[in-house]
Amino acid sequence: MTLCISLSARPSNNGTRFHNHLYGQLDLNWIYKAFAPTNLEQAIAGVRGLGIRGCAISMPYKEDVIALVDEMDPSAKAIDSVNTIVNTDGHLKAYNTDYTAIEQLLATNAVPTDYSVLVQGAGGMAKATVAALRDAGFTDVTVLARNEAAGRALADQYGFQWRAAIDGGTADLIINVTPLGMAGGTEADTVAFPAEAIEAARLVFDVVALPAETPLIRAARAAGKPVITGAEVATIQALEQFVLYTGVRPTPDQVRAAEEFMRAQ
């Protein structure tokens, strides 16, 4: 049996259900488990030493794990953020499939590149999001981050603006890439953007996948706004991880079945 795992401060069942359902559909003798590590360095050493094939990396470890791997794929190296590790005979190579997910969702939703954008957050997922926005052709982007050093560095890297807080600002597209609204946290009931920003937005995007309907997504739907959800991000990035781990690309029908199983928890 081959083992894959995920490491997160707040583990969810999303990846576990998605991957394990696909293993069953494809008759693969694999299993996927989720963990909350108490020591990241020891956890990654365990991935190497125990021959764990794949390891998904979630908040807040996407940057800290960089020093613990052997090789950075261009998808991770370009944005200094890791969400996937593939172990080949003890050699750990890091990737980032978050970028792929954001890139695909902006394209499939045909989001106009002349939209003004507010991105709240400056961590690893924010790096993937801002990079995808830049590469898609967006130019009017503001990074909102209380950490001035991290926020300015991220904004400057891609030629965008930084602000410490929204302070009444609005934009056509608002994106939450913080843990605000994430189940299990102290701010699980927090709506990531104020009501006036939601009302002014043409599209609301929350990368938080648990719950599938975050407070921000619920508020946006109530205001009649189109949304892109973290559950959609989770499906795409998990699919690309699955392919990296197994070398097998499931059919669209198999992915759809796994996604439905993941969301039916």
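Two residues are in contact when heavy atoms of each lie within 4.5 Å. Keep that rule at hand for the whole tour.

**Before you click**

This is a predicted model, where local features need pLDDT of at least 70 and side-chain atom pairs count only at pLDDT 80 or more, while totals for chains, interfaces and linings use all residues. Residues are numbered from 1 along each chain as its sequence is written, and side-chain values use heavy atoms, with hydrogens and water left out.

**Stop 1: the whole chain**

Of its contacts with a separation of 6 or more, 66% join residues 24 or more positions apart. The C-alpha trace spans about 55 × 35 × 35 Å along its principal axes. Now colour by secondary structure. Next, colour by burial. Buried means under 20% relative accessible area, exposed over 50%, and partly exposed in between (1.4 Å probe, protein chains only). Of the 265 residues, 51% count as buried.

**Stop 2: helix 4**

Select residues 98–108, which form helix 4. Its buried residues are Asp98, Tyr99, Ala101, Ile102, Leu105 and Leu106. They cover an arc of only 165° around the axis, so they lie on the same side of helix 4. That arc is taken from the directions that run from the helix axis to the C-beta atoms. Turn to the face away from the buried side: exposed Ala107 and Thr108 are there. What covers the buried residues? The cover includes helix 5 (124–136), strand 10 (173–176), strand 11 (203–206), strand 12 (227–228) and helix 9 (230–246). Step just past the end of helix 4 to alanine 110, which has a positive phi of about 50°.

**Stop 3: threonine 97**

Go to the loop between strand 6 (91–95) and helix 4, where threonine 97 lies. Its relative accessible area is 4%, so threonine 97 is buried. Beyond neighbours within four places in sequence, threonine 97 contacts Asn83, Thr84, Gln237, Glu240, Gln241 and Leu244.

**Stop 4: the largest nonpolar core**

A nonpolar core is a set of buried Ala, Val, Leu, Ile, Met, Phe, Trp, Tyr and Cys residues joined through side-chain atoms within 4.5 Å. The largest one has 36 residues; select Leu133, Leu173, Ile175 and Phe205, which touch the most other members. Helix 5 gives the most to this core, with seven residues. Now centre on leucine 173. Among the residues it touches, leaving out those up to four places away in sequence, are Leu106, Leu133, Leu203 and Phe205.

**Stop 5: aspartate 206**

Aspartate 206 lies in strand 11. Is aspartate 206 buried or exposed? Its relative accessibility is 1%, so aspartate 206 counts as buried. Its contacts, not counting residues up to four places away in sequence, include Asn176, Thr214 and Ile228.

**Stop 6: aromatic rings**

The structure holds two aromatic pairs. In one, the rings of tyrosine 23 and tryptophan 30 have centres 5.8 Å apart and planes at 45°, so the pair is tilted. Rings of Phe, Tyr and Trp (its six-membered ring) pair if their centres lie within 6.5 Å; planes under 30 degrees apart are stacked, over 60 edge-to-face, and the rest tilted. Both tyrosine 23 and tryptophan 30 are buried.

Note on methods. Helix = DSSP H or I, 4+ residues; strand = E, 2+ residues; numbered from the N terminus.
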